[in-house]
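Work through the exercises below with the sequence and the structure side by side. Try each task before reading its solution.

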Amino acid sequence: MPEPTNDLIEKIKQLIITRLKLVDMTPEMIETDASLFGGGLGLDSIDALELVLGLEKEFGVVIPDAEVGKKVFQSVRTMAQYVLEQTQAV
Amino acid sequence: MISKGKIAFCFSGQLRERLMLEDLHPLRKDPHFKKWTERASLVTQFDLLNFSLKGEEAETGFNLKLQISTYLLSMIHFHRLRTAGWVPDILAEHSMGIYAALAASEAITFEEGLFITESIGRLLEREGTLRRGGLAGIIGLPLGEIEKICHDLNGHHLSIANYNGSMQFVLSGEEEGVEKAISLALSRKAISASRLSFDTALHSPSLLSLREEIQDILKDIEIRPPKFPILNHWTVTPLRREEVKDFLSQEIGRPVYWDRCVERLIQEGVTQFIEVGQEATLTKLIRWIHREAEAFSAGEHLHFPPCPSELVSEST
């Protein structure tokens with residue numbers, strides 16, 4: 001599994017804040033390994049679709065289905081790892 | 001001078017989950033919480049605080065209790081907003097949010113709204129035991145795919161219950177059909193497909209059979225002219241006083257067109273949407289439908305931002 005840089009982690013956090021309009025949050029407030037759905041940030045499936053589009057728009061990577069989505073949206077780190085995998089695979 | 005757009009108060013349907021009102025929850029200190037839960041206790045045996053602390057998903061009548069909780073919390077947040085100076089230009093509602101919207105507009109009283117919520121909730125509960133149904137939220141597939149799923153599972157009486165925005169739909173129908181629709185949606189690359197907490201085929205034509213019983217529930221209630229207009233999501237025009245009973249008797253058997261409701265509000269000049277409820281489901285859907293929309297949920301704010309109309313008067 002490739003290890004994402006701090007810069008990429010920061011960009012993913014910023015993407016979450018911007019796409020979901022979490023106006024009271026800063027990247028430092030989001031833990032890199034905390035779960036995004038349910039507990040942790042408490043996101044839901046509507047948020048997931050926002051993040052799918054966000055990843056596509058910002059990084060050009062596609063989440064093809066729910067199965068991949070579940071793995072990718074576990075945490076900021078798994079999102080960053082997926083971006084890295086997909087962009088390096090080209 | 002700050003330009004002022006219109007303000008829409010949006011009343012959400014059934015809560016997704018029970019609100020946990022533990023001792024330190026800020027809502028418990030709010031005078032409106034005390035006032036409206038006490039007033040409710042005079043006419044219903046339902047106790048919001050008790051349910052919020054002890055209610056279990058498996059218990060009898062869980063959905064009915066969620067529906068009454070939704071109504072009470074919407075009314076509490078409505079009065080919190082009004083006390084903070086927020087005045088709506090128009091009200092919108094999603095699904096069973098209509099009961100609180102009607103009470104907020106004073107077309108019915110708080111007690112009448114509670115009575116309607118509880119009575120229709122009991123009908124739905126009975127329906128769920130006679131003909132078990134369900135709802136599935138399907139996210140990430142376009143309308144054509146959703147229609148195809150309904151078509152491909154022809155025989156399970158599936159229909160679209162909520163048009164919540166592009167790629168945001170809710171399907172309704174027989175329980176087995178709903179489960180199959182979820183599997184099919186996931187195999188066709190939905191981002192998410194899952195059951196919602198309902199055991200009836202809400203907003204499907206099968207519930208139009210309850211129309212007469214609902215009219216009977218409403219027969220002694222006098223509908224007054226709404227103080228704030230309520231947008232009818234079928235016609236996207238304000239709901240007229242004489243239409244209210246018909247609307248209520250059909251509402252649970254017809255789809256919710258939330259997407260066209262939001263689009264109409266934007267056309268009408270609404271720039272600020274406030275979800276008058278505990279969760280932020282409508283808030284997220286509004287932003288999904290219109291990315292630039294200003295939206296927040298009352299339930300997420302201990303203190304509200306100042307009302308734009310007050311800023312206008314201060315600056316002029």
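**Exercise 1. Find the contacts of B:Ala101 beyond its neighbours within four places in sequence, and decide whether B:Ala101 is buried or exposed.**

Solution. Step 1: Two residues are in contact if their C-beta atoms, placed from the backbone, lie within 7 Å. With neighbours within four places in sequence left aside, B:Ala101 is in contact with B:Phe11, B:Leu91, B:Glu93 and B:Ile230.

Step 1: A residue counts as buried if 20 or more other C-beta atoms lie within 10 Å of its own, as exposed if 12 or fewer do, and as partly exposed in between. B:Ala101 has 28 other C-beta atoms within 10 Å, so B:Ala101 is buried.

Step 2: B:Ala101 belongs to helix 4 (residues 98–104) of chain B. Helices are DSSP runs of H or I with at least four residues, strands are runs of E with at least two, and both are numbered from the N terminus.

Step 3: Compare sequence and space. B:Ala101 and B:Val244 are 143 residues apart in sequence, and their C-alpha atoms are 11 Å apart in space.

A note on the source: this is a predicted model, in which local features need pLDDT of at least 70 and side-chain atom pairs count only at pLDDT 80 or more, while totals for chains, interfaces and linings use all residues. Residues are numbered from 1 along each chain as its sequence is written, and chains are lettered from A and ligands numbered from 1 in the order in which they are written.

**Exercise 2. Describe chain A by its elements and its radius of gyration.**

Solution. Step 1: Chain A has four helices and zero strands, in the order α-α-α-α from the N terminus.

Step 1: The radius of gyration is taken over C-alpha atoms, and the globule rule is 2.2 Å times the number of residues to the power 0.38. For 90 residues a compact globule would have a value near 12 Å; chain A has 12 Å, so the two agree.

Step 2: Of the 90 residues of chain A, 34% are buried. Among its contacts between residues at least 6 apart in sequence, 59% join residues at least 24 apart.

**Exercise 3. Give the strand order of the open sheet in chain B and explain which strands stand at the edges.**

Solution. Step 1: The open sheet has four strands in the order 4-5-3-6, with antiparallel pairing. Two strands pair if DSSP finds at least two bridges between them.

Step 1: Strand 4 (159–163) and strand 6 (192–195) of chain B each have a single partner strand, so one side of each lacks a neighbour in the sheet and they stand at the edges.

Step 2: Strand 4 of chain B pairs with strand 5 (residues 168–174) of chain B over four bridges, in the antiparallel sense. Opposite B:Ser159 stands B:Ser172 in strand 5 of chain B.

**Exercise 4. Which elements of chain B give two or more residues to the side that touches chain A?**

Solution. Step 1: The contact takes 15 residues of chain B and 12 residues of chain A.

Step 1: The elements are strand 3 (133–139), strand 6 and helix 11 of chain B. Helix 11 of chain B gives the largest share, four residues.

Step 2: Sort the residues of this side of chain B: eight are nonpolar, four polar and three charged. Here Ala, Val, Leu, Ile, Met, Phe, Trp, Tyr, Cys and Pro count as nonpolar, Asp, Glu, Lys and Arg as charged, and the others, Gly among them, as polar.
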